[in-house]
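Subject: Handover of the two-chain model

Dear colleague,

I am passing on the structure we spoke about, and below it you will find my notes on how its parts are arranged. Please read them with the structure open beside you.

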Amino acid sequence: MKYIDEFRQKPLGKNLAASIADAVEKGRHYRFMEFCGGHTHAIFRYGVQDLLPPEVEMVHGPGCPVCVLPISRIDQAVALAEMEGIILCTYADMLRVPGSGRVSLSKARAAGADVRMVYSTQDALQIARDNPDRQTVFFAIGFETTTPPTAVAIQQASQEGLRNFSVFCNHVLTPAAIRSILDTPDAVPLDGFVGPAHVSTVIGTKAYECFAADFHKPVVIAGFEPLDIMQAILMLVRQTNEGRHEVENEYARAVIRDGNIKAQELMAEVFELRPSFEWRGLGAVADSALSIREEYADFDAEKRFDVELRPAKEIRGCECGAILRGQKKPLDCKLFGTICTPDNPMGSCMVSAEGSCAAYYSYGRFRGAE
Amino acid sequence: MCLAIPAEVVAINGDMATVSLDGVQKDISLVLVEGVSVGDYVIVHVGFALSRLDPEEAAATLALFAEAGVLKS
């Protein structure tokens, strides 16, 4: 497939591996965080780690929206789904994340709740149009990639007067999460970041310039194909060697400095910053998430329905929090591969197609390391 | 969640487009992008085009992979 196959060519991968091995300074340790779960999965799927010299260590970041959503928000979604007359729509990954008492949306559905998986916000709108006697709630999650489509849906519902549609908004912001990781007092020391691919199509490379300037960390925006990631690692090694800390763009075929202005304007029309939002692993992070503006309050499920946010406990022994901060690896968790597997996940990092634990488990690379 | 795929635009109808990915066709929304024509490749995510792929930049990046190498192919 065009723009995919070319970025997976083996000879070029070997070439880049040799270049990285040649570029690293012997005796120096390079620790880079790939923020996105999409990058983590590509690294494991294609064995990128095995192509890197021992000097380069990749630390997996919190860029997995399903993983970072706290149990209390999942409990709220389950409570909404269990209300009489509600159809709760969400993206596929959300269905299997266990909430309190290990009740997931999928279990709520088995017990009779009307929970539906959608591919797009447009599907959720259509469900609302087709079921005028019932309330359709879209459980919205995700970083800046899924946020503009939610904004579009809210504006469409407003224009159509679709009174039985609302959004349970859990959209979160990438730069706030990066800042939180850098601000953590006992943070894992990092030499730089492989920056998000598709989030950056929306927010642009300029959104990361503060990290280069304020924290002196290089950031290289990279596509999700294996050669993209290897090229970005090479660029990070070179920046580290030269003592530079700049934002560089490996994914120039899809990302520009300003990002997608149209999408940014749309988000700003519909959403505003939440003063604080709870993240799994990162705790309460200021200005890190979005809520629906007053003008669109009629479409805000948190205002329409009375669903209390109650504190919830993490599953005992689950290390998702430390893994999301980059402080632990999946193999450091006692539950990993024993009672927690993709078929029977305990923590969110094992559920999502972007979670670190699922990446470790699914591609089986940890087995060779034992 | 942020995984998105490059797909070729084969038809445009107002704010909607039909894209083709290895022969599989799908209708997506173009409301988030500007200046997309038939034949362009767009990054498709949850039913929306998020950005238009720049063929020249793609070629430049591929050239970078090859030239960066210390191995000669």
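Before the sheets are described, one term is needed: two strands are said to pair if DSSP finds at least two bridges between them. Please also keep in mind throughout that this is a predicted model.

With pairing understood in that way, one open sheet of chain A consists of four strands in the order E4-E3-E5-E6, and their pairing is parallel. Its edges are formed by strand E4 (114-117) and strand E6 (165-171) of chain A, each of which pairs on one side only, and from one strand to the next the twist averages 20°. Another helix, H8(A), lies across E5 and E6 of chain A and runs at about 160° to E6(A).

H8(A) also has a helical partner. The axes of helix H7 (residues 121-130) of chain A and helix H8 (residues 147-160) of chain A come within 9 Å and cross at roughly 25°; since angles under 35 degrees count as roughly parallel, H7(A) and H8(A) are therefore described as roughly parallel to each other. The crossing in which H7(A) passes H8(A) is right-handed. On the side of H7(A), the residues that meet H8(A) are Thr121(A), Ala124(A) and Leu125(A), while H8(A) contributes Pro149(A), Thr150(A), Val152(A), Ala153(A), Gln156(A) and Ala157(A). Sorted by class, this contact has six nonpolar and three polar residues, and no charged ones.

A further open sheet of chain A is made of five strands, in the order E2-E1-E7-E8-E9, again with parallel pairing. Here the edge strands, each pairing on one side only, are E2 and strand E9 (247-249) of chain A, and neighbouring strands are turned by 25° against each other on average, direction ignored. Strand E7 (residues 192-195) of chain A runs parallel to strand E8 (residues 219-221) of chain A, to which three bridges join it, and in this pair Phe193(A) stands opposite Val219(A) in E8(A).

Helix H1 (residues 10-23) of chain A and helix H12 (residues 226-242) of chain A pack with their axes 10 Å apart, at an angle of about 15°, which makes H1(A) roughly parallel to H12(A). The crossing of H1(A) and H12(A) is left-handed. Among the residues that make this contact are Leu12(A), Leu16(A) and Ile20(A) of H1(A), together with Met230(A), Leu234(A) and Val237(A) of H12(A). By class, the contact of H1(A) with H12(A) has eleven nonpolar residues, four polar and one charged.

Turning to chain A as a whole, the domain assignment divides it into domain 1 (1-318) and domain 2 (320-365), and the centres of these two domains, taken over C-alpha atoms, are separated by 17 Å. Between them, 29 residues of domain 1 are in contact with 23 residues of domain 2. On the domain 1 side, the elements that give two or more residues are helix H2 (37-45), strand E2 (56-63) and helix H4 (65-68) of chain A, and of these H2(A) gives the most, with six residues. The residues on that side of domain 1 divide into 15 nonpolar, nine polar and five charged.

Finally, there is the interface between the chains, in which 33 residues of chain B are in contact with 46 residues of chain A. On the chain B side, strand E4 (41-45), strand E5 (48-52) and helix H1 (55-68) of chain B each supply at least two residues, and the largest share, eight residues, comes from H1(B). The side of chain B that touches chain A has 22 nonpolar, seven polar and four charged residues.

With best wishes

Notes:
Residues numbered from 1 in each chain as written. Chains lettered and ligands numbered in written order. Predicted model: local features only at pLDDT ≥ 70, side-chain atom pairs only at ≥ 80, totals over all residues. Domains from an automatic or database assignment. Contact = placed C-beta atoms within 7 Å. Nonpolar A, V, L, I, M, F, W, Y, C, P; charged D, E, K, R; others polar. Axes fitted to C-alpha atoms, helices over the stretch in contact; angles between N-to-C directions. Parallel < 35°, antiparallel > 145°, perpendicular 65-115°, else oblique. Left-handed = near helix turned anticlockwise from the far one by under 90°.
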